[in-house]
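Here is a short tour of one protein model. Keep the sequence and the 3D view open as you read.

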Amino acid sequence: MSIAGFLNDSIAVAGNEFRVFRRNRSAVLISLVVLPLFFTASLGAGRGGAGYTYSPTANIPIAWVDNDNSLASFRLWQSLATSPDFHNLIQGYTEKGALAQLGTKRIYAVIVVPKGFENDLENGNQARLILYTDDSEPGLSDQVQSTLTTYTQNFDVNVQVQPYLTQLQRQTIAGVAIVKKGAIFAGFNLGLTTVLAIVQIFAVFYEIAGGISREREEGTYARLLVSPISTGSIMLGKTLFDIILSVIRTFTILGISVYAYRARPNTDILTLLMLSLIIALVTMGIGFVVGALKMGQRAIVIIEFFMILFLFAFSGEFIDSNLLVGVSQTISYLLPFTYAFDALKRTILLGRPVFSLTFDLEYMIGSIVLTYAMAFVLLHFSRERLIA
Amino acid sequence: MPEYAILTEALTKNFGHFTAVDDLNVGVAKGELFGLLGPNGAGKTTTVRMLCTLIEPTRGTAQIVGYDIREQAAEVRRQIGVVSEGVSLYKDLTIEENLKLLGTLYEIPRPKADARIRELMDMFAFREKATRLVGALSSGWAKKAMICAALLHNPQVLFLDEVTSGLDPQSAIGLQDFTKKLCEQGVTVIWTTHYMGEPEKICDRIGIMFAGKLVQVGTPNELKHIVSEVSVVEVVTPGLSRGQLEKLKARLAEIGQVYHVKYVDPKLEVSCERTDRLAEQVASTLIETGARIRAINTKDPTLEEAFIALTGGEEEIDRFLESAGQKA
């Protein structure tokens with residue numbers, strides 16, 4: 001078959017996909033509206049709603065117990081209270097009274113300035129702050145500690161935050177380094193890294209694997225198989241169709257993130273589009289492989305949910321890959337989406353140029369080539385699986 | 001020697017330990033209407049799927065208008081049209097859109113494809129329904145749309161797999177007439193069915209498949225002649241009880257192999273190995289059991305009776321259907 005014929009067939013398949021797609025209103029609604037809107041809006045709302053900056057510690061009630069009553073302790077309170085990270089510092093508690101409130105959800109942390117705080121600073125000694133946290137809230141003590149560390153370091157190098165383990169806080173937090181997490185990223189930037197990848201993965205996987213499964217069940221894939229079209233043309237046609245849907249979805253997510261949730265990605269739109277499409281292509285490759293395995297549409301939906309759970313556990317987006325151990329870490333390092341999330345974070349959050357992320361890009365492009373090759377072999381050589 | 005449109009050589013397909021098609025050797029001449037007859041699970045659809053290049057044979061091969069199904073699958077696909085239960089049109093597209101897509105895939109130039117679509121639309125009286133979604137058509141019209149799709153590229157070989165199932169009798173007869181005309185124009189047609197009456201009426205030759213094997217091939221008359229060793233008796237005997245029927249079967253078993261005993265009040269039909277005593281034996285047994293006989297006739301075997309005889313009798317078919325059901 002000539003290249004022109006190959007491309008002609010691919011475009012015919014893509015056009016056909018579009019005609020079928022536009023007749024299916026629920027598919028249009030779910031793929032292009034509900035998924036991007038739902039994920040972006042729910043994650044945006046979960047991260048504090050609209051606003052230029054987001055701080056996980058900003059609105060939680062924290063007791064401020066000043067046992068030093070000095071100018072230095074007053075200045076520290078002032079710098080914290082006027083910051084965007086501690087809007088709800090409550091004064092008036094005694095140390096004993098504040099600790100009694102921990103675990104009741106009225107107060108989530110207690111910052112105690114011990115006597116001698118100012119003296120230590122004046123004498124050039126290391127000053128100390130005592131921090132009590134409610135460890136029934138996962139991650140909160142780390143967030144408060146890291147944010148407080150940032151301010152005390154800025155306030156004076158001699159002030160040290162010293163977390164104390166309370167009776168409420170049985171497990172040790174020693175040795176777990178969580179530095180500058182959450183508070184330094186503007187608005188919805190962190191949310192954007194999540195939503196951009198998750199929406200593409202969620203939608204694209206079903207469009208490809210579910211699409212092949214539906215065609216197999218309805219007998220339309222067999223119709224293609226008895227025509228002279230090549231497997232490559234079918235794959236390219238479906239890929240072209242889904243790339244266009246992925247572009248629409250990317251712009252929808254970016255629009256909502258930037259205009260509704262004030263995300264300020266530290267990168268340009270072409271980089272975001274490129275990364276988004278690379279993620280979509282990796283997912284398409286996996287979708288083609290799964291689609292070739294003779295699975296019903298119900299099975300595809302179940303696999304999709306497991307895949308999303310798998311991503312939450314191993315992709316490094318929610319739990320850093322370096323914190324995982326043993327097999328979990330190996331899985332994380334093998335998973336192409338780990339590199340996708342990494343690339344998104346480095347570009348959106350840190351403003352790194354996309355072409356400096358050589359390994360991430362190489363791994364993802366390698367994954368695309370590998371999954372497409374696997375899918376081609378499966379679709380081409382096991383045609384029997386594709387007949388109802 | 002005829003010019004073959006289809007020639008199979010030891011064509012075999014195994015699914016695990018189950019042999020769906022076993023060592024099939026058959027030649028179908030150009031322009032021939034060849035019926036493939038057999039019960040569900042006999043291997044007809046698997047045969048068609050191998051010839052359409054949808055599934056790979058385990059052993060053996062076949063040529064379709066000279067192209068090998070293993071080595072030249074893409075060429076084979078250009079030469080064939082398929083109407084089968086597992087091969088459908090897009091339900092969310094109109095008939096016209098479906099045909100245009102196929103026109104592109106078969107590389108038919110656009111003006112030629114449009115003209116051919118108009119021709120087929122007229123042929124099947126589809127003009128008014130051209131913009132209707134295939135999913136919104138009745139099963140009869142949907143089947144006609146599939147036939148249009150199969151004929152779009154003027155195939156040399158047309159596979160019609162259980163094509164009349166779901167069609168009303170009028171449409172089925174219309175389709176049979178249309179198929180005959182196609183063959184007159186030189187198209188080779190493989191017509192698979194489990195309805196015995198159809199191929200007898202329209203096919204030039206019939207291949208009887210059973211348990212994956214091609215049991216016999218011949219014209220409808222040849223097949224009936226092959227089984228002229230079958231005796232068939234028809235008796236009008238109202239109100240026959242199950243006990244009387246069982247006694248009759250037992251008595252008949254003493255004179256030879258019984259292929260078929262069917263009773264639908266008041267008509268009793270019996271076929272067995274050829275014997276001059278069949279009518280006498282049936283009549284005497286029925287009288288002995290107290291049955292009333294209004295009429296008794298001997299008759300020539302039909303294709304259905306030929307099929308039953310060739311496949312080893314009703315019990316053998318029941319056993320096969322049971323095992324085929326378990327495999328499925």
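How many residues does the contact take from chain A and from chain B? Each chain gives 23 residues: 23 from chain A and 23 from chain B. Two residues are in contact if their C-beta atoms, placed from the backbone, lie within 7 Å.

## Ground rules

This is a predicted model: local features need pLDDT of at least 70, side-chain atom pairs count only at pLDDT 80 or more, and totals for chains, interfaces and linings use all residues. Residues are numbered from 1 along each chain as its sequence is written, while chains are lettered from A and ligands numbered from 1 in the order in which they are written.

## Where the chains meet

Look at the side of chain A that touches chain B. Helices α1 (3-23) and α8 (220-225) of chain A each supply at least two residues there. The biggest giver is α1(A), with eight residues. Helices (H or I, at least four residues) and strands (E, at least two) are DSSP runs, numbered from the N terminus.

By class, this side of chain A has nine nonpolar, seven polar and seven charged residues. Ala, Val, Leu, Ile, Met, Phe, Trp, Tyr, Cys and Pro count as nonpolar; Asp, Glu, Lys and Arg count as charged; the others, Gly among them, count as polar.

## Chain A as a whole

Chain A has 14 helices and five strands. Of its 388 residues, 43% are buried. A buried residue has 20 or more other C-beta atoms within 10 Å of its own, with C-beta atoms placed from the backbone. Take the contacts in chain A between residues at least 6 apart in sequence: 82% of them join residues at least 24 apart.

How confident is the predictor? The score is pLDDT, given for each residue from 0 to 100. Chain A averages 82, and 85% of the residues score at least 70. Over residues 164-185 of chain A, pLDDT stays under 50. For that stretch the model has 32 contacts beyond four places in sequence.

## The open sheet of chain B

Six strands of chain B form an open sheet, in the order β7-β8-β9-β4-β10-β11. Its pairing is mixed. Two strands pair if DSSP finds at least two bridges between them. The edge strands are β7 (80-83) and β11 (213-218) of chain B, and each pairs on one side only. From one strand to the next, the twist averages 15 degrees. Angles run from 0 to 180 degrees between N-to-C directions, and axes are lines fitted to C-alpha atoms, for helices over the stretch in contact.

Start at β7(B). Both of its faces are covered: Ile80(B) and Val82(B) are buried on one side, Gly81(B) and Val83(B) on the other. β7(B) pairs with β8(B) in the parallel sense over four bridges, and Val82(B) stands opposite Phe159(B). Next, β8 (157-161) and β9 (188-193) of chain B pair in the parallel sense over five bridges. There, Leu160(B) has Trp191(B) as its bridge partner. Helix α6 (169-184) of chain B packs on the sheet, touching β4 (33-37), β8 and β9 of chain B. The direction of α6(B) makes about 150 degrees with that of β9(B).

## Another strand pair in chain B

Now find β12 (230-236) of chain B. Five of its seven residues are buried. β12(B) pairs with β15 (295-299) of chain B in the antiparallel sense over five bridges. In that pair, Val236(B) has Ala295(B) as its bridge partner.

Conventions
A residue is buried if 20 or more other C-beta atoms lie within 10 Å of its own, exposed if 12 or fewer, and partly exposed in between; C-beta atoms are placed from the backbone. pLDDT is the predictor's confidence in each residue, from 0 to 100.
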